[in-house]
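Subject: Structure handover and findings

Dear colleague,

Please find the structure below, with the sequence alongside. After it I set out what was found, with the cut-offs given where each term comes up.

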Amino acid sequence: MRAEFPDFRLGSVLATSFTGTLSERQGTSVERIPTPQRLIDWLAIYGLAVNSCTTAQLELAKELRESIHAAATAAATQSPLPAPAVQVINDYSIQGRAAAILTPEGDRQWRLSSPSRVEDALGVIAADAISIIAGERDGKLALCASPTCQAAFFDTSQSRTRKWCDMNTCGNRQKKARFNANQRQNTKSAE
């Protein structure tokens with residue numbers, strides 16, 4: 001019987017979506033890629049399909065994820081980028097051997113050098129992280145306003161004032177908490 005895992009939190013930005021595979025970082029954390037198969041599943045969703053993944057490759061992925069999170073958090077708070085995180089991101093970007101190809105429909109797709117090269121997929125993720133942290137894309141790095149989440153996300157809203165990494169989870173949770181607090185306050189005031 002296959003174990004049930006928490007759903008992936010999918011976003012439109014590869015690197016920050018990857019950091020979202022560990023959520024609720026300031027509370028009871030939720031690991032969304034606890035097994036090599038879950039990493040394979042996540043990579044396939046983002047067009048980086050691999051046919052196998054070892055436990056060692058999963059650990060490499062988690063190292064990259066945490067380095068991206070550290071660097072993105074620093075960039076979002078306008079703090080100096082942590083040198084060890086920058087080194088890891090650069091190393092993975094350099095080691096990857098994926099190529100962007102154009103489909104007949106005019107879309108970009110990634111071709112990995114081998115279907116078992118998780119490292120190639122990680123190189124694509126690292127390169128995406130570099131582009132957003134370096135400010136090369138239209139948007140702004142921000143941190144989720146949820147006190148238990150604090151996930152880094154890439155805000156592409158027109159005003160660049162988005163508060164939540166995901167409105168369906170963190171945003172709704174905060175709105176519900178605020179509503180319940182107001183209800184309790186109104187009940188006490190009525191007594």
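The structure holds 2 aromatic pairs, where rings of Phe, Tyr and Trp (its six-membered ring) pair if their centres lie within 6.5 Å, with planes under 30 degrees apart counted as stacked, over 60 as edge-to-face and the rest as tilted. One of them joins F18 and W42 in a tilted arrangement, 5.1 Å centre to centre with 50° between the planes, and this pair links distant parts of the chain, since F18 lies in helix α1 (residues 14–19) and W42 in helix α2 (residues 36–45), 24 residues apart. W42 also forms a tilted pair with Y46, at 4.5 Å centre to centre and 35° between the planes. Ring pairs thus link F18, W42 and Y46 into a cluster; F18 and W42 are both buried, and Y46 is buried too (buried means under 20% relative accessible area, exposed over 50%, partly exposed in between, with a 1.4 Å probe and protein chains only).

Before going further, please note that this is a predicted model, in which local features need pLDDT of at least 70 and side-chain atom pairs count only at pLDDT 80 or more, while totals for chains, interfaces and linings use all residues. Residues are numbered from 1 along each chain as its sequence is written, and side-chain values use heavy atoms, with hydrogens and water left out.

Two arginines sit over rings (NZ of Lys or CZ of Arg within 6 Å of the ring centre and within 35 degrees of the ring normal): R38 lies over the face of F8, at 3.9 Å from the ring centre, and the charged end of R137 is over the ring of F154, 5.7 Å from its centre.

As for the helices (DSSP runs of H or I, at least four residues, numbered from the N terminus, as are strands, which are runs of E of at least two), the expected span is 1.5 Å times one less than the number of residues. Buried residues of α3 include L58, A61, L64, R65 and I68, and just after the helix Q78 takes a positive phi of about 55°. The 16 residues of α5 (residues 118–133) should span 22 Å, in agreement with end C-alpha atoms that are 22 Å apart. Helix α5 is mostly covered, with 14 of its 16 residues buried, and is followed by G135, whose phi is positive, near 75°.

Of its 20 lining residues, the closest to its centre are G11, S17, F153, R162 and C165, and β6 gives the most to the lining, with 3 residues.

The second largest pocket holds about 250 Å³ of space. Of the 16 residues that line this pocket, the closest to its centre are L14, W110, V124, A127 and D128, and the largest share of the lining, 5 residues, comes from α5. Both volumes are the space filled by probe spheres set on the grid points, which are joined across faces, edges and corners.

Best regards

How values were computed:
1 Å grid on protein atoms, 1.4 Å probe; cavity = no way out; pocket = protein on both sides within 12 Å on 5 of 7 lines; lining within 4 Å.
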